[in-house]
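User: Could you walk me through this model? I'd like to go question by question.

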Amino acid sequence: MRERFWERFDLQELTDEEWEALCDGCGQCCLLKFQDEESGDLAVLNVACELLDIQSCRCSDYDNRFEKVPDCTQLTPERIDDFRWLPKSCAYRRVAEGRKLAAWHPLIAGGSERMHRKGVSVRSFAVSQREVPEEELEEHIIAILPIDG
């Protein structure tokens, strides 16, 4: 990877390896979400995709995720503007907005433990989709995000 690529290149100029490395591994994009068809608002749950390893906040089957979870969210540089729901802490969002990576980001801190200790990841509050019956999902809403058209 190119040195400090996130500061020197636009997201569209990143290699696949750099794009993947930019992910801070917080797991927030792996939380289940429901969108209200009328308002467009997005309800975020504390329920993580069945493939998310909550302890590491990484996908347990990343290479096959789209086959196992067809509605898995694929973040790409071309679609970054479609994901206005990404948390302000997200490295993809930060770079897209011209901001620097946070000091806890694994590329800066040398690993993910600082991010987990700071409470940025879902490790401390997420539960697996495997543990929550579908009829109880609404009880797990933790935020409502207004999404403008």
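This is a predicted model: local features need pLDDT of at least 70, side-chain atom pairs count only at pLDDT 80 or more; totals for chains, interfaces and linings use all residues.

User: Leaving aside neighbours within four places in sequence, which residues is L31 in contact with?

Analyst: L31 sits in strand β1; strands are DSSP runs of E with at least two residues, helices are runs of H or I with at least four, and both are numbered from the N terminus. L31 counts as buried at 5% relative accessibility, where buried means under 20% relative accessible area, exposed over 50% and partly exposed in between (1.4 Å probe, protein chains only). Its contacts, leaving out neighbours within four places in sequence, are V44, L45, N46, V47, A48, V122, F125, A126 and I142.

User: In what order do the elements of the chain run from the N terminus?

Analyst: The chain has six helices and six strands. Starting at the N terminus, the order is α-α-β-β-β-β-α-α-α-α-β-β.

User: What is the radius of gyration of the chain?

Analyst: The radius is taken over C-alpha atoms, and the globule rule is 2.2 Å times the number of residues to the power 0.38. For 149 residues that rule gives 15 Å, and the chain comes out close to it, so it is as compact as a globular protein of that length. The C-alpha atoms fill a box of roughly 50 × 35 × 30 Å along the principal axes. The radius of gyration itself is 16 Å.

User: How many disulfides does the count come to?

Analyst: A disulfide is a covalent bond between the sulfur atoms of two cysteines; the rule here asks for a pair of cysteine sulfur atoms within 2.5 Å. By that rule the count comes to zero.

User: What phi does C57 have?

Analyst: Most residues other than glycine have a negative phi. C57 lies in the loop between β3 (52-53) and β4 (58-59) and is buried, with a relative accessible area of 4%. Although C57 is not a glycine, its phi is positive, at about 60°.

User: How about R4: what is its phi?

Analyst: R4 lies in the segment before α1 (5-8), and it's partly exposed, with a relative accessible area of 37%. R4 is a residue other than glycine with a positive phi, near 45°.

User: Is E38 buried or exposed?

Analyst: E38 lies in the loop between β1 (31-35) and β2 (42-48). With 80% relative accessibility, E38 counts as exposed.

User: How far apart in space are E38 and A102?

Analyst: In sequence, E38 and A102 are 64 residues apart. C-alpha to C-alpha, the distance in space is 35 Å.

Notes:
Residues are numbered from 1 along each chain as its sequence is written. Side-chain values use heavy atoms; hydrogens and water are left out. Contact means heavy atoms within 4.5 Å.
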